[in-house]
Each structure stands twice: as structure tokens, then as C-alpha cells.
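Let's take a friendly walk through a protein model. Have the sequence and the 3D view open as you read.

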Amino acid sequence: MALPIYVDAHSGYKANERPRQFELDDELYEIAAVEEQWRSPRGSFFKVRTTNGKTYLLAYNEYEDQWTLQSGFDGDELLQRPEIELVTIDRDTIRKAESLIESCERCHPSDAEIPFDWILAGITGKRGRYDFLLTEQARCPTCKQPVTEKTLVEPT
């Protein structure tokens, strides 16, 4: 299981070379050290130790430009997230949500103002302490780029 997160990363020769800190549920985790890192066809992986001594596995997918927290090490306790219910979004709901998108932050950055998960909340009726997990990739109908739960979109 993986959970999308916000990561502040060092960019040198290329973007997102090394994570410096990550944020989940409004809590900031400062990274003291990158203990291991490796690449796979699924992206770049970083085993990191935070300043509070916990170890997490982070992944960066270059194609989707998305960081995720992976299961394993101390990350399992964060993935449990008892205060937030995870809602799986099926293919039909994803297609319905895509039909309600005019454009996304990639093709019309000045028009995209709301996160895609707001559209998902409207369709599912789930509001409040919910996070959505897409069972397959959503795409912007205008530019065909991947859309995640947190991608900013302009509704139709």
C-alpha cells in the first residue's frame, strides 16, 4: 500500500533528487538522513531516517511526478491513519469524475482551482475525514495527463 504525500526535495542535476522533509496530515517530518536509495521501473525509492529516529520508505514516480509513503519500517503506523477512512474509487466512478473535469493544472494552470478529490467527494457523498484511493489512473480529458486525488482541476 502507498499513500500520496507532499515532499520537499533537493533538486540539483534533476528534479527531486533527494527528499528533505515530508508532510502528512499537517504534520511535518524532517529527514535527518537518506540511509539507502535505489531505482526500479516503478520509480526512485528512499529509505529515510527522520529527526525523531523513525525510518520510512518514500518513493518518487517521475512519470506521475508524485511522491508516496510506502508500507514498511515505521511507515506502517502512518498508513494506518485511524482518524481517516480510506475510500476506494472504482473505474466507473473515476470515469464519471473525469467527465466533470474541463482541464487540469498542467494544461490550464491559471484555471485549475480545486483538487480532484473535491469532485470525488461530490460524486460519492463522502465529506470530512476521507481520503480517496483510485483503483486505476484518472486522466485529464483535455491534455490526457495523469490526474491524482490532489491534482488541481477546473470543473465543467
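## Salt bridges between strands

Which side chain meets that of R20 in a salt bridge? The partner is D8, with 3.3 Å from N to O. Keep in mind as you look that this is a predicted model. R20 sits in strand β2 (residues 18–24) and D8 in strand β1 (residues 2–10), so the pair links distant parts of the chain, twelve residues apart. Both ends are partly exposed: R20 has a relative accessible area of 40%, and D8 has 23%.

The structure holds eight salt bridges. Another one of them joins R49 and E35, whose closest N and O atoms are 2.9 Å apart. Because R49 lies in strand β4 and E35 in strand β3 (residues 27–40), this pair ties together parts that are 14 residues apart in sequence. R49 is partly exposed at 32%, and E35 is partly exposed at 37%.

## A salt bridge within a helix

Now find helix α2 (residues 91–98), which contains both R95 and E98. They are three residues apart, about one turn of the helix. In general, residues three or four places apart in an α-helix point the same way, because there are 3.6 residues a turn. The side chains of R95 and E98 meet in a salt bridge of 2.7 Å, N to O. R95 is partly exposed, with a relative accessible area of 30%, whereas E98 is buried at 13%. Salt bridges with shared partners join R91, R95, E98 and E136 into one network.

Next, look for an open sheet with the strand order β8-β13-β9 and antiparallel pairing. β8 (101–104) and β9 (114–115) each have a single partner strand, so one side of each is left without a neighbour in the sheet. Two bridges connect β9 with β13 (residues 152–155), and I114 stands opposite V153 in β13.

Helix α3 covers residues 116–124, and its buried residues include F116, I119 and L120. Just after α3, G125 takes a positive phi of about 75°.

D65 is in the loop between β5 (55–61) and β6 (66–70), and K144 is in the loop between β11 (138–139) and β12 (146–147). D65 counts as exposed at 51% relative accessibility, and K144 counts as exposed at 52%.

Conventions
Residues numbered from 1 in each chain as written. Predicted model: local features only at pLDDT ≥ 70, side-chain atom pairs only at ≥ 80, totals over all residues. Heavy atoms only, no water. Pairing = 2+ DSSP bridges. Helix = DSSP H or I, 4+ residues; strand = E, 2+ residues; numbered from the N terminus. Buried < 20%, exposed > 50% of the residue type's maximum accessible area, 1.4 Å probe, protein only. Salt bridge = Lys/Arg side-chain N within 4 Å of Asp/Glu carboxyl O.
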